[in-house]
Amino acid sequence: MESIWQKDSKLPSFPQQKGKQKTEVLIIGGGITGILTAYFLTKNHVDCMLVEKGKICNGTTAGTTAKITVQHGLLYHRLLKNYGAEFAQKYLQANQHAFTCYETLCKNMDCDFVYRDNYVYAIDNREKLEQELAALEKIGYPAAFCEHLPLPFSTAGAVTFSHQAQFHPLKFLAAIAEGLPIYENMFVKQLQGNTAITDTAEITANQIIVTTHFPFLNRHGSYFLKLYQHRSYVLALEGAQDVNGMYVEESKTGLSFRNYKNVLLLGGGGHRTGKKGGNWAELRQFAQQHYPQAKECCAWAAQDCMSLDAVPYIGHYSSRTAQLYTATGFNKWGMTGAMLSAQLLSDMVLGKKQDVSDVFSPSRSILKPQLLVNGFEAVKNLCSFSGKRCPHLGCALKWNPAEHSWDCACHGSRFDENGKLLNNPANGDCHF
């Protein structure tokens, strides 16, 4: 299942390191977050290395719908209610700075960067939209209400952020990655102190940044409690509709729309990894009903880490790891999440203080309602009878008939029919 980005671009290849190596900063994970972090560190003349277990950008980054927006669902009402105006403003400002960085980097780059308005719509709950607009007014952001949308079904309207953007993520990263100290086919199986162990090399670093989507070290940070993973699906449809914008329903399981050239990207069918959901069948049924003349040219799936409070975890891996960092839990907004992570992490390595670091601190309180849900799923799956168990923490694996994979509902690890690892946090294959 290649995404349209993979079919429409070619990424550079990088060598493999061997033997004993040393570097100031080691970055583990070659998706967009890791590559941008390596880019900023290199620009600041920091000795660094990035290692990727396979080929760069072959996981979550390749599955994105690549919307660059500071509008992350109906989030600001929630942030204002739970954390207050200063917190919500800091979150907004950090993402605005990330957006500006994309504008600057993409200005002279062939990566299909175009400005588009972004819309978060509701099917039948206008009150949710009005609450979000009131919150945005309180923190000083000029959002607007849109009554009528060019979508093939009725809605209660949408909250609109103008002058947002979309792009081709792999064309962008192919340009960014050129000349960076990146090494492929280097699966970090374990960390021994400040040394990363792979099949071919031992790399010692003064500081280590983990950008592996879901942090794979269990002994620090309690990410197995703080995160769960959500799967979603995309169809690329030729001859469907030009929606002239980016649209997403406020619900996690709703539909999203955006165009790329003459193709409509229809997203949805989502569910917690390891659970049942609509997947491509739901999208194909929708397309058949509303775009019967359209031709499906591509289909793929994506997987996102979801935090307890809808805010990413960016910073020290835990309060006890001064030289170990991570970035995760982007809650489906990985483009701005990746950029602001790269900015924050590179500044932390350089000793620069960021006044938004407290907003994204991985050590903030975990006493949130989602913690109970995550705990319940873990206990239920640990107690479930199954001959196939996830090597991460031993949860029962469930068969995913749509994708022919074995999925873990506890933390989102996935394996193919033969047990080969597809998605972490498991750090190795499952031996059936």
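**Close-up views of aromatic contacts**

**View 1. Lys226 and two tyrosine rings.** Lys226 sits over the face of Tyr223, 4.4 Å from the ring centre. Lys226 also lies over the face of Tyr313, at 4.9 Å from the ring centre. A charge counts as over a ring if NZ of Lys or CZ of Arg is within 6 Å of the ring centre and within 35 degrees of the ring normal. The model is predicted: local features need pLDDT of at least 70, side-chain atom pairs count only at pLDDT 80 or more, and totals for chains, interfaces and linings use all residues. Residues are numbered from 1 along each chain as its sequence is written, and side-chain values use heavy atoms, with hydrogens and water left out.

**View 2. The pair Tyr121 and Phe153.** Rings of Phe, Tyr and Trp (its six-membered ring) pair if their centres lie within 6.5 Å; planes under 30 degrees apart count as stacked, over 60 as edge-to-face and the rest as tilted. By this rule there are 21 aromatic pairs. In one of them, the ring centres of Tyr121 and Phe153 are 5.8 Å apart and the planes stand at 50°, so the pair is tilted. Tyr121 is buried (under 20% relative accessible area), at 0%.

View 3. Phe257 is buried, with a relative accessible area of 0%.

**View 4. An aromatic cluster.** Tyr76, Tyr91, Tyr141, Phe161 and Phe360 together form one cluster.

Notes. Buried < 20%, exposed > 50% of the residue type's maximum accessible area, 1.4 Å probe, protein only.
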